[in-house]
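Subject: Structure handover

Hi,

Here is the structure I promised you. Please open it alongside this note, and my findings follow below.

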Amino acid sequence: MPRKTLVPVDGSPQADAAFRYALEEFPEANITVLHVIQLPKGYWSVLAESETEFPGHERAEEHARTLFEAAENTASSFDHPVDTTIERGDPSREIVDYAIANDVEQIVMGSHGRQGASRLLFGSVAEKVVRRAPMTVVVVHEAS
């Protein structure tokens with residue numbers, strides 16, 4: 001039976017490498033490509049009446065559609081269909097919550113490999129997902 005596999009994408013080379021890895025290593029998997037639109041915090045979150053009313057939301061939705069189109073083109077070269085979905089919120093939380101809610105068996109994601117001060121400032125979505133996810137998480141580093 002094919003494994004349900006979730007691949008979060010953000011347009012980075014690391015996410016692209018993770019997606020290709022999933023296509024190559026799990027050819028029988030049911031792959032869902034997920035993009036999380038990070039909601040603004042602070043001032044704008046107070047003013048917006050819904051998750052779709054913050055400034056730049058339309059641009060973020062268009063970016064997601066562009067990412068999905070690229071993913072579908074890549075998947076077609078592997079003759080592999082994919083599903084796509086958008087979530088809104090904190091990326092690490094939304095990735096894990098989506099995976100749990102949809103009975104995903106594994107998450108395949110890229111990592112920027114930040115270290116030191118930049119890791120402290122930006123955090124690591126992959127690290128947070130690895131810590132929180134109750135399923136297998138495969139972290140792919142972009143080949144140099």
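Ser 111 stands opposite His 141 of strand β5. Ser 111 belongs to β4, which covers residues 106-111. β4 and β5 run parallel, and six bridges join them. Keep in mind that this is a predicted model.

Now the whole sheet. It is open and has five strands. Their order is β3-β2-β1-β4-β5, with parallel pairing. Which strands sit at the edges? They are β3 (82-88) and β5 (136-141), and each of these pairs on one side only. On average, neighbouring strands are turned by 25 degrees against each other, direction ignored.

Helix α4 (residues 91-101) packs on this sheet. α4 touches β1 (4-8), β2 (30-37), β3 and β4. The direction of α4 makes about 150 degrees with that of β2.

α4 also has a helix partner, α6 (residues 125-132). The two axes come within 9 Å and cross at roughly 40 degrees. That crossing is right-handed. From α4, the contact takes in Pro 91, Ser 92, Arg 93, Ile 95, Val 96 and Asp 97. From α6, it takes in Val 125, Lys 128, Val 129 and Arg 132. By class, five of these residues are nonpolar, one is polar and four are charged.

A further helix pair is α1 (residues 13-25) with α3 (residues 57-77). Their axes lie 11 Å apart, and the packing angle is about 30 degrees. Angles under 35 degrees count as roughly parallel, so α1 and α3 are roughly parallel to each other. α1 passes α3 in a right-handed crossing. Phe 19, Arg 20 and Leu 23 of α1 meet Ala 71, Thr 74 and Ala 75 of α3. This contact of α1 with α3 has four nonpolar residues, one polar and one charged.

Last, confidence. The mean pLDDT of the chain is 85. Of its residues, 78% reach 70 or more.

Best wishes

Terms used: Residues numbered from 1 in each chain as written. Predicted model: local features only at pLDDT ≥ 70, side-chain atom pairs only at ≥ 80, totals over all residues. Heavy atoms only, no water. Pairing = 2+ DSSP bridges. Helix = DSSP H or I, 4+ residues; strand = E, 2+ residues; numbered from the N terminus. Axes fitted to C-alpha atoms, helices over the stretch in contact; angles between N-to-C directions. Contact = heavy atoms within 4.5 Å. Parallel < 35°, antiparallel > 145°, perpendicular 65-115°, else oblique. Left-handed = near helix turned anticlockwise from the far one by under 90°. Nonpolar A, V, L, I, M, F, W, Y, C, P; charged D, E, K, R; others polar. pLDDT = per-residue confidence, 0-100.
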